Each structure stands twice: as structure tokens, then as C-alpha cells.
Amino acid sequence: MDAEAAAPLLAGTSHAGTSWDLRGTFAASLAGLTTLLLVLLALFGQYAADLTDANVDRYYAWLSDVYVMVFLGFGFLMTFLRRYSYSAVSLNFVCSCLVILEALLAIGWVQQGWGTVSVDLPLLIDAAFCAGAAMISFGAVLGKASPAQLLWLLALEVPLYALNAQVVTGRWGALDVGGSITIHAFGAVYGLAASVWLSPKGAGSGHPKNGASYASDMTAMLGTLFLFIYWPSFNGALATAPGTDAQPRAFCVMNTVLALLGACLAGFAASAATGQLDMVHVQNATLAGGVAIGSAANLVMPPACALAVGIAAGALSTCGYLWLSPALERTCGVTDTCGVANLHGMPGVLGGLASALFAHLFYPANAALVAHGAKGQPGVQLAGLGCTLAAAAVGGACAGWAVSRASPAGQSLAAEDMFEDAHFWHEVEKEE
Amino acid sequence: MDAEAAAPLLAGTSHAGTSWDLRGTFAASLAGLTTLLLVLLALFGQYAADLTDANVDRYYAWLSDVYVMVFLGFGFLMTFLRRYSYSAVSLNFVCSCLVILEALLAIGWVQQGWGTVSVDLPLLIDAAFCAGAAMISFGAVLGKASPAQLLWLLALEVPLYALNAQVVTGRWGALDVGGSITIHAFGAVYGLAASVWLSPKGAGSGHPKNGASYASDMTAMLGTLFLFIYWPSFNGALATAPGTDAQPRAFCVMNTVLALLGACLAGFAASAATGQLDMVHVQNATLAGGVAIGSAANLVMPPACALAVGIAAGALSTCGYLWLSPALERTCGVTDTCGVANLHGMPGVLGGLASALFAHLFYPANAALVAHGAKGQPGVQLAGLGCTLAAAAVGGACAGWAVSRASPAGQSLAAEDMFEDAHFWHEVEKEE
Amino acid sequence: MDAEAAAPLLAGTSHAGTSWDLRGTFAASLAGLTTLLLVLLALFGQYAADLTDANVDRYYAWLSDVYVMVFLGFGFLMTFLRRYSYSAVSLNFVCSCLVILEALLAIGWVQQGWGTVSVDLPLLIDAAFCAGAAMISFGAVLGKASPAQLLWLLALEVPLYALNAQVVTGRWGALDVGGSITIHAFGAVYGLAASVWLSPKGAGSGHPKNGASYASDMTAMLGTLFLFIYWPSFNGALATAPGTDAQPRAFCVMNTVLALLGACLAGFAASAATGQLDMVHVQNATLAGGVAIGSAANLVMPPACALAVGIAAGALSTCGYLWLSPALERTCGVTDTCGVANLHGMPGVLGGLASALFAHLFYPANAALVAHGAKGQPGVQLAGLGCTLAAAAVGGACAGWAVSRASPAGQSLAAEDMFEDAHFWHEVEKEE
């Protein structure tokens with residue numbers, strides 16, 4: 001089918017915007033943002049003076065692993081929708097690129113001060129973390145936001161992410177090496193708050209296209225396994241403790257592996273105990289251990305402790321899919337396509353709480369990392385969690401409002417057009 | 001389809017157990033084993049004192065590669081069954097996690113003595129090797145064992161694996177850096193012996209669901225390529241020769257790459273020479289070189305020697321699929337869903353024999369690794385191979401008997417219910 | 001369906017050769033070439049004396065990444081044809097293995113002189129680069145060359161590749177660390193020139209099987225993302241500047257990441273601006289930045305410069321798919337199944353031109369790498385590009401002629417049998 005032949009297929013769509021409005025706005029937004037970022041990078045970006053091959057030896061493999069998680073992991077995890085797989089993997093791709101480029105500047109500025117941004121591998125990893133948070137937010141609005149809405153929603157998230165992360169971990173000294181607080185809880189709450197504005201009646205779990213096929217569940221499983229395998233790299237990529245005896249990367253890796261093992265076992269057990277095994281649980285709850293150990297991953301703790309955190313997170317996440325998501329939709333009308341509240345939101349909060357507890361319990365062993373001491377650190381952890389949740393909720397709600405209500409008319413999808421590739425893609429026929 | 005609607009679909013299934021029996025036993029078994037392992041890890045596990053970032057720099061990338069092989073490689077390779085792909089990748093996932101956790105303790109105890117187990121990255125890699133052996137066993141009973149039967153079958157395999165590997169390589173000093181003997185031959189024979197008890201009439205190659213679709217052959221191919229790419233890491237991950245001039249990892253990598261190249265070329269040539277090209281051969285025989293070079297991978301040898309081992313293994317494995325598997329099924333009634341006899345069993349034995357030969361032939365150059373000398377080592381290799389085959393055969397037969405005959409009634413699948421996801425999974429409709 | 005049952009299915013095929021001719025020639029060619037290479041490796045190959053574990057630490061991870069690109073990246077990218085996915089991924093697999101083995105010897109000889117070839121990890125990486133070039137050529141003739149034709153076409157490419165690369169970069173000292181010139185432009189032009197002989201009437205874009213399905217576009221996307229993620233490893237794997245202050249790998253990584261970000265953003269924007277989003281653009285144009293920055297990737301330059309190269313390449317590549325490919329087919333009758341002219345050809349040339357410009361512009365900072373100085377190097381770059389294009393065009397045309405016209409009768413596919421797995425594969429039913 002060529003482009004002309006596809007046109008009548010789209011003519012009958014019920015949303016106010018035509019296909020041109022939808023894709024024209026997307027193309028113009030993307031071209032404009034890209035040009036702006038190119039100009040800003042030309043004006044303010046330069047490679048760091050310490051950009052050496054030693055830098056590559058220390059950071060490059062970890063950067064690759066984080067990229068696998070962002071592009072393949074999140075990208076394929078979101079292909080579970082049977083009629084929206086093209087969009088899921090492709091929008092994940094282009095939006096991650098945009099966010100990484102924007103975050104190089106935004107994070108550079110908040111960390112290094114206004115002016116020239118010194119670009120190196122750790123900054124690229126930080127930018128990829130920001131893309132992780134943005135892709136979590138994407139999960140909440142998957143299939144409901146138009147491509148242009150999504151682009152702006154995530155572009156607006158970047159400066160807020162950078163600012164919040166810098167305040168919570170940079171200024172206040174909260175522990176959050178793997179981002180339970182500043183990446184997972186932040187990204188989930190931002191996306192859920194935005195989703196309030198992008199959840200028209202009929203866009204929930206009952207929507208006929210809001211579901212998986214056998215094939216799409218298999219591609220999603222690929223995303224899950226990439227995330228599972230490389231999660232230790234995510235939690236350990238930037239772990240450092242210069243001038244101390246601490247071995248933070250070693251503990252990040254071991255604690256994360258154990259937490260993930262626990263979450264997988266508990267996720268499967270909880271899924272089988274409460275009904276037929278469900279691919280939604282297998283794809284998501286099994287990863288909740290990586291989220292929940294994130295804030296405390298670099299701490300010395302008994303291995304059973306990391307395993308227990310993972311078990312708790314896996315069980316909690318499965319229960320979230322069974323009871324929290326339906327309740328959120330029924331009572332608040334908030335739909336959460338990927339269940340990010342269950343995979344990132346609740347386990348992220350659990351991770352923040354666990355870090356407060358562990359910083360206290362295992363203090364002397366972790367003195368090099370716990371800046372505020374056994375008594376002060378738990379409060380800092382809770383303050384960081386509170387600040388993050390508030391910033392994400394307010395920021396996500398404002399951004400969601402902006403892209404849904406304040407944008408040009410006809411740019412929102414009607415409920416019946418959601419979860420469907422055919423509006424945006426060449427040669428995709430609509431499901432009859 | 002929601003859970004209620006799915007119930008009648010399952011009502012008419014002919015196996016004695018109801019869906020609840022099947023999944024209830026699985027859920028209870030998994031929850032019980034997980035709890036037990038958590039308690040044991042809390043009592044006996046602690047992180048190693050040498051768990052440093054240098055440890056991470058040496059081992060972590062290799063651990064990741066082995067994880068890719070276990071979770072993505074074996075997991076997707078087994079998705080070739082068109083009606084059993086959910087179960088293949090998911091049971092591979094959860095059982096690998098269970099085995100890794102159990103193996104941390106089991107291998108820790110046999111290596112370090114009873115009492116506290118010191119957990120570090122090399123132990124995690126060893127545990128992942130054990131999961132490799134277990135997933136090979138899974139391949140023999142794929143689609144025939146119920147999830148709970150599989151869980152117990154593999155849980156019982158772990159201590160036997162740990163003991164055998166410790167005796168053969170630790171005590172006796174057999175060469176087996178890549179596990180031709182203690183991983184591949186062991187896992188294959190254990191699974192085949194268990195499969196004797198799980199091969200009812202009608203569960204063989206003629207079963208209408210025991211086959212691939214175009215899509216499932218493609219996902220399986222993904223598994224093959226991951227295994228092909230990262231196999232050098234498997235064979236080299238734990239190669240060491242402290243206090244010597246030997247460079248074992250370098251030779252592991254080079255020999256394994258060459259053996260894999262040979263197996264791929266020979267596997268394709270043999271497949272095309274004997275009939276239409278067959279995805280079964282492409283998915284499996286191409287990897288036989290990695291298996292066969294495993295025991296001798298760290299030895300200095302001419303590169304053509306490694307290539308020749310691979311060529312022999314690839315051709316042998318293809319012939320196995322063409323003639324051994326049908327003969328095994330016809331004469332012994334043993335069905336081997338994935339053909340692990342051809343990919344792991346015969347090439348593993350070939351690898352054991354090759355290591356005996358090479359330890360003799362290339363002795364002086366490998367004196368640092370060959371503990372028993374040019375004359376003594378071949379006997380040790382053969383003894384290790386014999387011990388492994390015997391242990392796996394007896395152990396697998398006992399475990400297979402236990403999970404199939406001694407377990408609660410109604411837990412086995414009838415032949416007509418095999419190779420089918422619909423019994424265990426939410427929202428999977430049965431093939432009409 | 002067993003082998004006998006499949007026979008009648010093939011009886012009605014219209015190509016002159018029978019199935020036996022096609023697969024017999026393939027099997028004999030492959031077995032013969034493999035045997036020849038085994039003998040040559042036995043006579044001339046030996047492991048390098050410096051094959052140490054330090055060698056592994058420096059090169060092995062980069063080798064793995066390049067292997068992922070070759071086997072999974074190119075392999076899955078070419079599965080986009082809905083009826084030719086088995087052949088795409090499998091022929092990519094076996095041909096890459098053959099090329100790597102052959103290139104070990106061919107590149108070894110041109111680099112080290114005739115006689116003994118010293119095999120080590122950098123040589124394996126060089127051989128994998130050659131496989132990259134060969135898989136690019138494969139893309140131009142995908143679905144049109146029979147397996148045996150393809151085998152010979154690529155086997156003939158290896159010595160020419162080795163010679164050209166050695167002349168252009170080794171002798172003349174052209175900059176080409178990531179192979180814009182000697183890998184991408186070379187491989188594309190070789191394939192296109194050969195395609196002239198393999199493009200019968202009816203084998204173009206209008207062929208009913210020359211297209212994707214929803215599922216095959218998803219597997220292709222997997223290839224794209226692997227290529228995107230690991231491309232910095234491709235461009236940096238062999239970067240060295242011994243005895244200087246240059247940090248070539250660090251710049252290779254950073255410049256390549258930025259160029260890829262630019263190409264993805266520009267590719268999506270150009271696709272959306274000119275019509276409905278198209279998976280062909282998303283799968284290919286997004287990668288053009290990695291191609292175009294290749295020759296200059298190791299140079300110190302402002303980050304915005306690398307980003308701009310990527311943006312230009314992404315936009316250029318999308319335009320190529322929209323206008324160049326149809327024009328090539330209409331005016332010259334050359335069909336280019338994967339559009340390698342757009343992903344590798346034009347961006348490769350762009351990369352050669354960019355390297356000439358950057359070697360001049362950023363000279364003093366790159367004095368350690370730019371052997372011929374700010375004035376001389378641009379000419380060398382252009383000469384290298386010219387030599388490469390000429391060699392590839394002449395070599396590809398001769399090889400294409402040889403495999404299509406000079407080979408035994410009945411070995412070519414008729415147009416109506418192209419883009420179809422059923423001729424070669426067991427158990428694939430032809431599309432009705």
C-alpha cells in the first residue's frame with residue numbers, strides 16, 4: 001500500500017485533528033527542538049579535558065549496558081500492546097535520543113553551573129538515566145498521548161528531573177545511587193500525574209485495543225530480560241566513593257543481582273498464587289527488585305537483606321497489578337497503560353524507605369557513603385523522597401495539562417483512536 | 001478474555017489435575033523454596049571480604065555475558081515451540097533464578113566447606129553455570145513436565161551438579177574450564193534420564209503441538225545468536241592460572257571463537273547436504289563447537305585445531321538431529337524436545353575426549369594447567385567424563401521418577417495437554 | 001510436514017534449477033570453502049605471541065560488541081522481508097562466519113606479509129569489520145541471490161576488501177577508524193554493482209513479496225537498536241595512537257554517540273515531514289550518523305560538530321529512501337533491497353568528505369593522528385574515497401557477473417521465486 005492508498009484509511013478517523021495535524025506538529029516540534037539543541041550545544045558544549053581512554057575503560061561498558069536498558073529494555077517492554085508496537089519501540093527510540101541530548105545540557109548546567117558544559121562519559125550516563133525516567137513516564141501515557149504531545153511532555157520533564165536530582169542527591173546528600181527515588185518514583189509519578197489529563201473515558205483497561213497478543217507479549221519479554229540482565233549496571237554505573245575504602249560498585253552489583261532474583265521468584269509465586277500465570281506480572285513484577293534496591297544498592301548489607309527487599313518488591317508489584325491499578329482507574333479515572341505505578345512507583349517508594357532504614361541499621365560499615373550519619377540520614381532520605389514525589393506530581397500535572405489542553409486544537413486523540421499505530425504509520429492497516 | 005471467561009476453556013482438559021492443582025502446587029513449591037533459601041542465606045551467607053571494585057572490573061562483564069546466555073540465549077532458544085513460547089521463556093527465567101540462588105549456597109558449601117558461605121562475583125558466575133546445566137536439562141523435558149515438576153526436577157539437580165563438578169574438577173583436577181563435561185554432558189544426560197519418566201506415548205515428535213511456527217523459529221534464532229556471540233565468555237569467565245605464565249582467558253576466547261565458526265559452517269553444510277536447510281540445525285548445531293571446545297578451551301593449541309573440533313562438532317550435531325533423536329525415540333521411547341543429546345550431550349562427550357587428547361598432545365606448552373602431566377591427564381579426563389555421565393544418569397533418573405511418580409496425584413500432564421501454554425497462562429486461548 | 005511431503009510443494013517452482021541444484025551447489029560450495037580454509041589455517045595460522053590476558057582486557061569487550069552488530073544487528077535488520085526472514089538471519093549468520101574465517105587469512109596476509117599469519121584479537125576484530133562490509137553488500141542483493149551465489153559473491157569480496165583497506169589506510173595513511181570509506185562505502189558499492197546482474201525485471205519494489213509484515217518490521221527494529229547501541233564500539237574498537245597524547249577511543253565513543261543521536265532525531269523528523277512515519281526510515285536512517293562520523297570519529301572536534309554530521313546524515317538517508325532508491329530502480333534498473341545506498345553508500349561518502357574537511361579544520365589538535373598535515377590529509381582522504389569507490393564498483397560488477405552468468409546453469413532465481421524462504425527451507429509453506 002503506498003501513501004496515497006493509505007489516505008482514505010485515515011479519512012474516517014474520528015479525532016478532530018487530521019493526520020497532517022498530528023504528524024505535522026510532531027515533525028515541526030522535533031525539527032525545532034533538535035535545531036535548538038544543536039545551537040545550544042554549539043554555544044555551550046565542549047568535551048571535558050579529562051576525556052581520556054582511561055575514562056572509556058571505566059565508564060563505557062556501563063554506558064552501553066544502560067543504553068541497552070533504555071533503548072531495548074524499555075523500548076521492547078512497551079511493545080506489549082498488539083496494535084501499538086511500532087509506536088512503542090519507535091517513540092521510545094526518538095524520545096530517548098531527544099531527552100539524552102537535552103539532558104546533557106540541563107544536567108550539565110545544574111551540576112556545573114551556567115555557562116560552558118563539559119561533556120564526558122559520566123555526563124552521558126547521567127543523561128541516559130534521565131531518559132530512563134522519561135521512558136517510565138511514557139509508560140503511563142503509552143498509546144494515549146499523540147507523538148507530539150509525548151515529545152513535549154518528556155521535553156518538559158528534563159529540566160525538572162535535572163533540578164530535582166541535583167537538589168536531592170547533590171545538595172542534600174540523599175543516597176540514591178540507582179535512582180529509586182529520583183528516577184523511578186519521579187518518572188512514575190510525573191507520568192501518572194500527566195496521565196490524569198490524557199485519560200478520557202474509554203481509554204482504560206476495557207479499551208478493545210489496550211491489550212497484548214501472543215507475539216507482542218513475546219517481544220515485551222525480550223525487554224524484560226534485557227532489563228533484568230543489565231540492571232546491576234544501571235545501579236552501579238556512577239557509583240563512586242573517592243578517597244575512601246568503600247567499594248560501591250561491587251556492592252551495587254551484588255545487591256542488585258540478589259534483589260532481582262528475589263523479585264523474580266516472588267513475582268512468579270504471587271502471580272501463580274492469585275490466578276493463572278500472567279505475562280503482565282512476569283514482564284514487570286520480576287524487575288521490581290532492581291527498582292527497590294536502587295537507593296541503597298551501594299551500601300554494605302547482608303546479602304539476605306538485598307534478597308528480602310527484592311522479594312518484598314516483587315510481591316508488592318504483583319499485588320499492585322491485581323488491585324492498585326484497577327482501583328486507580330475506578331476511583332480516580334487515572335489509567336496507567338504499563339502499570340508504572342506498580343513497577344516503578346511503589347517499588348521506588350519502597351526503595352526510598354528501605355534506604356532510610358538501611359542507612360540507619362548498617363551505619364558504621366557505610367560511614368564513607370552516609371554523609372549525615374546514622375541519625376541524620378534517614379530524615380534526608382525521607383525528605384528527598386517527599387520532595388521528589390511533590391515535584392513530580394506538580395510538574396507532571398502541569399505538563400500534562402499543557403500538552404492536552406493548552407496545545408493547538410485537534411491534537412489530542414479521541415479514546416477510540418488510542419492504542420493504534422495506523423494513524424501514524426505508513427502501510428499499517430487498521431484492525432477491522 | 002478475563003480470568004472467569006478463561007475457566008470453562010480449561011474445564012474440559014483431560015489431565016486428572018485441575019488447573020488449580022497444577023498452579024497451586026507450583027505456587028506453593030516456589031514460595032516454599034524461596035522462603036527456605038532466604039532463611040539459609042540469612043543464616044549462612046555473607047559477602048566476601050575481597051568484594052572490591054577490582055573484582056568487578058575482572059568479573060562483572062563476564063557475568064553479564066553469561067547471564068545473557070542463560071536468560072536470553074537458552075530462554076529464547078526454547079521458544080521454538082509455537083504453542084509453548086510463554087512457558088519456555090518464563091520457566092527458563094524463574095527456574096534460572098531459583099537455581100542460581102540455590103547454587104550460591106550449594107556450590108559455596110562444596111567449595112568452601114560447611115558453614116558460612118562467602119558470596120562474591122566468581123561464585124555468582126559458578127552459580128550461573130549451574131543454571132546453564134539446569135536449562136540444558138529443561139530442554140529435554142520442555143513442554144512435558146508441568147511447572148511444579150520442572151521446579152523440583154531442577155532444584156534436585158543443583159546439589160548433584162555442585163558435588164560432581166567439585167569432585168571432577170576440584171578434587172581430581174580434570175580440565176573443564178568451559179564445562180563440556182560437568183555442564184553440558186551432565187545437564188543433557190540428567191535431562192534425558194529424567195525424560196524417560198516424562199515421555200508418555202504420544203509426547204514425541206509426532207505430537208501435533210510439538211513444532212515451530214515461522215514466528216517462533218525467529219525468536220528461537222535470537223537465542224542462538226546470543227549464545228553464539230557470548231559463548232567465549234562462558235568458556236573464559238573463570239579461567240585462571242595464578243602464579244604461572246599461562247594466559248588462559250586469551251586462549252579460551254580465541255579457541256572458542258574458532259570452534260564456533262567451524263560449527264556454524266559445518267552445521268549449515270551438513271544441513272544442506274542432507275535435505276532442505278532446517279531451522280532446527282541452524283539453531284542448534286551451529287553452537288556445538290562452543291560445547292566441544294569447552295574442556296580444552298584454555299589450552300595452547302594451533303588455531304586450526306580449535307577450528308577442526310568445531311567442524312566435527314557441528315557435523316556430528318546435525319547428524320544427531322537427523323538420526324540419533326529419531327532412533328532414541330523409536331527404540332527407547334525417550335523424547336528430547338530440544339535435542340539436547342545432539343547439542344550438549346554428544347558434543348560434550350566429544351569435548352571430554354578432545355581434552356584428553358589435547359592435554360597429551362600439547363603438553364609442554366600447557367604444563368601450568370595440566371596438573372597430572374601428559375601421561376596422567378588423559379586418564380583423569382576420561383574418569384571425570386565417566387563419573388559425570390554416571391552421576392547424571394542415576395541422578396536424573398531418580399529425580400525424574402520422583403517428580404513424575406512419587407508426587408501428588410494429578411500433577412502430571414497427559415500427552416494431549418503437552419506443549420501448550422493455555423493450561424497455565426491467563427488469556428491464552430487454546431489452538432482450535 | 002516432513003521432507004517428502006515438502007517435495008511436491010517445490011515441484012512447481014518456475015526457476016530452471018531444481019531444489020537439489022540450489023542446495024547441492026550451496027552445500028558443496030560451503031563444504032569446499034570450509035575445507036580449504038581449514039587447510040590454509042593449519043598451514044599458515046598460529047596464535048600471536050602477544051596473545052595475553054591483557055590483550056583480552058583491552059579488546060574482547062569491543063570484539064563482542066562488533067559481533068553483536070554483525071550477527072544480531074545486520075542479521076535482524078535484514079529480517080524485515082516477511083517471507084525471507086529465515087534466509088536473512090541464517091545466511092547473514094553463515095556468510096559472516098565464512099567471511100570472518102577467510103578474512104583472518106586475507107587480512108593477515110596483506111598486513112603481515114605472505115607466510116605465517118599471527119592470529120590475535122585485533123585481527124579478529126578486523127575480520128569482523130570485513131564481515132560488516134560483506135553484510136552491507138548482502139543487503140543490496142537480499143532475496144535475489146541464491147544462497148550459493150551469495151556465498152561466492154561474498155567470498156570474492158574478502159580479498160578485495162583486505163587489499164583496498166590496506167592500501168587506503170595502511171599505505172596511504174587515510175583516516176578511516178570507523179570505516180565510512182573502506183567498510184560502508186565499499187560494501188554498499190560492491191553490493192550495488194553486483195546487484196546490477198541480479199536485478200531481473202520484476203525483482204524490484206513492486207514484487208509482491210518484497211515487503212514487510214508487522215511482525216517482520218518488529219524483528220528488524222531489534223537489529224536497528226543493537227546497531228545503534230553498539231556502534232560506538234565499532235568506530236572505536238581498533239582506535240589507537242601509540243606513543244602520543246591522543247585519546248582516540250574516548251573521542252570515537254563520544255563523537256559516535258552524538259552523531260547517532262543526531263541521525264535518529266533528523267531521520268524521524270524527515271520521515272514525519274514527508275509523509276506518514278515509515279518503519280523503513282526508522283530502521284535505517286537513524287543509523288546513518290554512525291556511518292557518516294566513521295572516518296573522523298577519532299578526531300578531536302566540538303561535540304556540536306559530531307551532532308551536525310549525524311543530523312545531516314539522518315536527513316540525507318531518509319531522502320535517499322524517498323527519492324534515490326526509486327530513481328535508481330527506474331533509471332538504471334538497479335534494485336537495492338535494503339537500501340544500502342541510503343544507509344551506507346551516501347552516508348559513507350559523506351563521512352569521507354567530512355573527514356577531509358575535519359582533518360583540515362581541526363588540525364593542530366589532531367596532529368598525532370593526521371599523518372599528512374592540514375594541507376595534505378584532505379587530498380589523501382579524497383584519494384582513498386575515490387580508490388575505494390572504484391575498486392568496489394569494478395570488483396562488485398565482476399563478482400556479480402561471475403556468480404550470475406558464469407556459474408552452472410539453473411543456479412539463478414527467477415524473479416517470481418525471489419524474496420521467498422520456501423525454496424530453501426524445510427517446513428516452510430509457500431504463501432498462497
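**Exercise 1.** How many salt bridges does the rule find across the interface of chain B and chain A? Describe the side of chain B that takes part.

*Solution.*
Step 1. The model is a predicted one. Across the interface of chain B and chain A, the rule finds two salt bridges.

Step 2. A pair that can be inspected is A:Arg249 with B:Asp57, whose side chains meet in a salt bridge at 3.2 Å, N to O. The cut-off for such a pair is 4 Å.

Step 3. Polar contacts are counted next: chain B and chain A have 16 residue pairs of this kind, both residues at pLDDT 80 or more.

Step 4. On the side of chain B that touches chain A, at least two residues each come from α2 (19-44), β1 (45-47), α3 (53-77), α4 (85-112), α5 (121-141) and α8 (214-236) of chain B. The largest share is that of α4(B), with eleven residues.

Step 5. Sorted by class, this side of chain B holds 37 nonpolar, eleven polar and seven charged residues.

**Exercise 2.** State the extent of the contact between chain B and chain A, and the area buried there.

*Solution.*
Step 1. Chain B contributes 55 residues to the contact and chain A contributes 49 residues.

Step 2. Interface size is often expressed as the accessible area that is lost when the parts come together.

Step 3. For chain B and chain A that area is about 4600 Å², and carbon and sulfur atoms carry 78% of it.

**Exercise 3.** Carry out the corresponding analysis for chain C and chain A.

*Solution.*
Step 1. The contact takes in 49 residues of chain C and 55 residues of chain A.

Step 2. Between chain C and chain A about 4600 Å² is buried, with 77% from carbon and sulfur atoms. The residues of chain C that lose the most area to chain A are C:Tyr214, C:Leu265 and C:Gln276, together 16% of what that side buries.

Step 3. The rule finds two salt bridges across the interface of chain C and chain A. C:Arg249 forms a salt bridge with A:Asp53, where the closest N and O atoms lie 3.8 Å apart.

Step 4. There are 16 residue pairs in polar contact between chain C and chain A, both residues at pLDDT 80 or more.

Step 5. The elements of chain C that each supply at least two residues to the side touching chain A are α3 (53-77), α8 (214-236), α9 (248-274), α10 (279-284) and α12 (303-332). Of these, α9(C) gives the most, 17 residues.

Step 6. The class count for this side of chain C is 36 nonpolar, nine polar and four charged residues.

**Exercise 4.** What rotation superposes chain C on chain A, and do the copies meet through the same or different surfaces?

*Solution.*
Step 1. Chain C is superposed on chain A by a rotation of 120 degrees with 0.0 Å of shift along its axis, at an RMSD of 0.0 Å. This is the relation of a three-fold axis.

Step 2. Of the contact residues of chain C, 6% recur in chain A, and the copies use different surfaces.

Step 3. Chain B is likewise superposed on chain A by a rotation of 120 degrees, with 0.0 Å of shift along the axis and an RMSD of 0.0 Å. Only 5% of the interface residues of chain B are also interface residues in chain A, so these copies too meet through different surfaces.

**Exercise 5.** Compare the radius of gyration of chain A with that of a compact globule.

*Solution.*
Step 1. Chain A comprises 14 helices and two strands. Along the principal axes, its C-alpha atoms fill a box of roughly 70 × 60 × 35 Å.

Step 2. A compact globule with 432 residues would have a radius of gyration near 22 Å.

Step 3. Chain A has 21 Å, which agrees.

Key: Residues numbered from 1 in each chain as written. Chains lettered and ligands numbered in written order. Heavy atoms only, no water. Least-squares fit on C-alpha atoms with pLDDT ≥ 70 in both. Contact = heavy atoms within 4.5 Å. Buried area = accessible area lost by both parts, 1.4 Å probe. Polar contact = N/O pair within 3.5 Å; in protein donor to acceptor, adjacent residues only side chain to side chain. Helix = DSSP H or I, 4+ residues; strand = E, 2+ residues; numbered from the N terminus. Nonpolar A, V, L, I, M, F, W, Y, C, P; charged D, E, K, R; others polar. Rg over C-alpha atoms; globule rule 2.2 N^0.38 Å.
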